[in-house]
Each structure stands twice: as C-alpha cells, then as structure tokens.
Amino acid sequence: MLGSHVGLGGKEQFLGSVKEALSYGAETFMVYTGAPQNTRRKDISEMRIPEAKALMEESGIREFVVHAPYIINLGNTLKPESFEFSVEFLREELRRTAAMGSRTLVLHPGSHVGEGDDAGIMQIIRGINETFDADTEVRIALETMAGKGSEVGRTFEQLARIYDGVVHNNKLRLCLDTCHLNDAGYDVKGNFDGVLEEMERYFPINQVACIHLNDSKNEQGAAKDRHENIGYGTIGFDRLCAITRMPEFKDTPIILETPYMSAEEGGKDRTYPPYREEIAMLREGVFNPELHKAVLAAYQ
C-alpha cells in the first residue's frame, strides 16, 4: 500500500487529510494529530472524523498510520518533568489515534541526552510501561533511527532490548525507515535482504507495521538523517521501487516522507509536494529524472 505523509489543519481537519491523500493517488497515508513540534491540538469532536472515515470507506482506503510528535522524548533521564510530560502526551496521542480509527502510532523511541544508550533504553522502557496497559487499543511502532546525536534505536538490537523490557510488548511493532537504516549503517542499497535477515534475528517480519520509504542525501553510516526525493539519493530508485514490490510488504503501509520541491514564483520561493509524481513513478517502476519539472508542471 503506497501513500505519503499528509497535513492536518484548516476547517476540514482530518477530512482534509484524506482528500489530500486521494489527490496523490494514495492507497494509504500518515498524519499527525496536530503540529508535530507543539502541544496544540483540536478537540476530537472538531476534527471531522466521521466524514473522513466515510470518505476512506468510499475510496477504498483501509488503513492509515499516525505519527507521534517529535516533542515526545521517553529517553530523557535528566529532566523528570520532561519525561512525565512525554508519558502524558503519549497517552493522549494514543487516545486520539484510536478515535481517528488508526491502529498504529509511529514513535521515535527517544534520545538519552548524553546519559548513554543503556540509561536511555531503560527510561524508554519505563515510559512505555507507564503508557500501555492490557486494554490499550493502539500499537506503538518503534521507528528505526539514523543515530544522530544521542538517538536510541539505531540498531535492531537496541529496539529488541526495548521490546524485551516492555510488559505488554504484544502491542509493539516496528517502523522501518529506509533513509534512517542507511544512515545508521545498514546496506539498504546493496543488500536489503541482508538487512531483513539481521532484523529477523530479533523480530519476525510480521512485526513491521509501517515502512517510511525515503532516499537519503547521505552515504551509508553517516548518522545524519537527511531525506532525499525518490531516486535522487544514495539509495536510488531501483532499490526503493523493489521494496514496494516485496510480497512480505504487500499489505504494509509504505509511506513517503520525501522533501517538498521548491521553485521561485513571483520573486518568492514556493514549495510543492512531490508525492503524486513519486507514487506514480513507483507504481510504473520507471524513474523520471525530470521529477522536479513534473512536480512544478502539476501545480501550475
């Protein structure tokens, strides 16, 4: 299932998110429940959820995922108030995700802020255990991270340690980010089968609830996390296209988070989403080296 990140806002709220996904020819999508950098959130009753669900059913969108905001950091052991805020806000995001009708919330595991991987992992375990209970409806998909700064989750071994410490780990899943895997040192371009074999030392393939399909601006192992448009980075179109065709992921939401493209218009820089064109390229299996021109033409 191919789709992309879409926005949420304005009068149409979640209904607008579904309409945006459909405008890209998407079969699925990913959305935040509000701005990812702050805590401002519309009340669930104002988000036009019933209309959005009706449009999804009418259009054949069976599944979508929600991404937790970046301001949640369960790995912080230095500031108890920041950790407690993250736990409370994650609980609220799980509630909102369930109300919207998604069963998967993607989460960056967290950063140890200088205290070391072991301390960060233990704090993340503590945070998830304080968030989950046996009745939690939504699964948390821990995202594979690039390893920049003090990020935790740059290896499958680290993610497995979190799984092992969580009481209700039957509600945990994985989100594979191709750019992050590349930047963390995994050979996504040359040996993706080997990457999956490494993953399956710790997790069965059915634990992958979502894939973020991104090219990378960086060489393998750079630990920088800079997404690139499909086919324009170091991973390349052929490998990313092949991932979308793997039978193991036929029913897995595959989400584009590639950068918007920019052009000068009326003396000002304007940016445009590339997702309609990238989704079409991936479906056709043919790379368009003039993607930028195609995106700009679509918005003129």
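This is a predicted model: local features need pLDDT of at least 70, side-chain atom pairs count only at pLDDT 80 or more; totals for chains, interfaces and linings use all residues.

Student: How many helices and strands does the protein have?
Tutor: Ten helices and 14 strands.

Student: And what is the radius of gyration of the protein?
Tutor: The radius of gyration is 19 Å. The globule rule gives 19 Å for 300 residues, so the protein is as compact as a globular protein of that length. The C-alpha trace spans about 50 × 45 × 40 Å along its principal axes.

Student: What percentage of the residues count as buried?
Tutor: Of the 300 residues, 53%.

Student: Let's pick a strand. How many residues of β8 are buried?
Tutor: Six of the six, residues 172-177. So β8 is largely enclosed by the rest of the structure.

Student: Which residues sit on each side of β8?
Tutor: L172, L174 and L176 are on one side. R173, C175 and D177 are on the other. Both faces are covered.

Student: Which strand do four bridges join to β8?
Tutor: β6, residues 139-143, is joined to β8 by four bridges, and the two run parallel. In that pairing E143 stands opposite C175. Four bridges also join β8 to β9, residues 208-213, again in parallel. There, D177 stands opposite H212.

Student: Switching to helices. Which residues of α10 are buried?
Tutor: L291, V295 and L296, in a helix that covers residues 291-298.

Student: How wide an arc do they cover around the axis?
Tutor: Only 130 degrees, which puts them on the same side of α10.

Student: What does the lining have by class?
Tutor: Ten nonpolar, nine polar and five charged residues.

Student: Last one. Where is P273 found?
Tutor: In the loop between β14 (268-272) and α9 (275-284).

Student: Is P273 buried or exposed?
Tutor: Buried. Its relative accessible area is 9%, and the cut-off for buried is under 20%.

Student: What separation is there between the C-alpha atoms of P273 and D251?
Tutor: The two C-alpha atoms are 24 Å apart. Along the chain, P273 and D251 are 22 residues apart.

Notes: Residues are numbered from 1 along each chain as its sequence is written. Side-chain values use heavy atoms; hydrogens and water are left out. Buried means under 20% relative accessible area, exposed over 50%, partly exposed in between (1.4 Å probe, protein chains only). The arc is that of the directions from the helix axis to the C-beta atoms. Two strands pair if DSSP finds at least two bridges between them. Ala, Val, Leu, Ile, Met, Phe, Trp, Tyr, Cys and Pro count as nonpolar, Asp, Glu, Lys and Arg as charged, and the others, Gly among them, as polar. The radius of gyration is taken over C-alpha atoms; the globule rule is 2.2 Å times the number of residues to the power 0.38.
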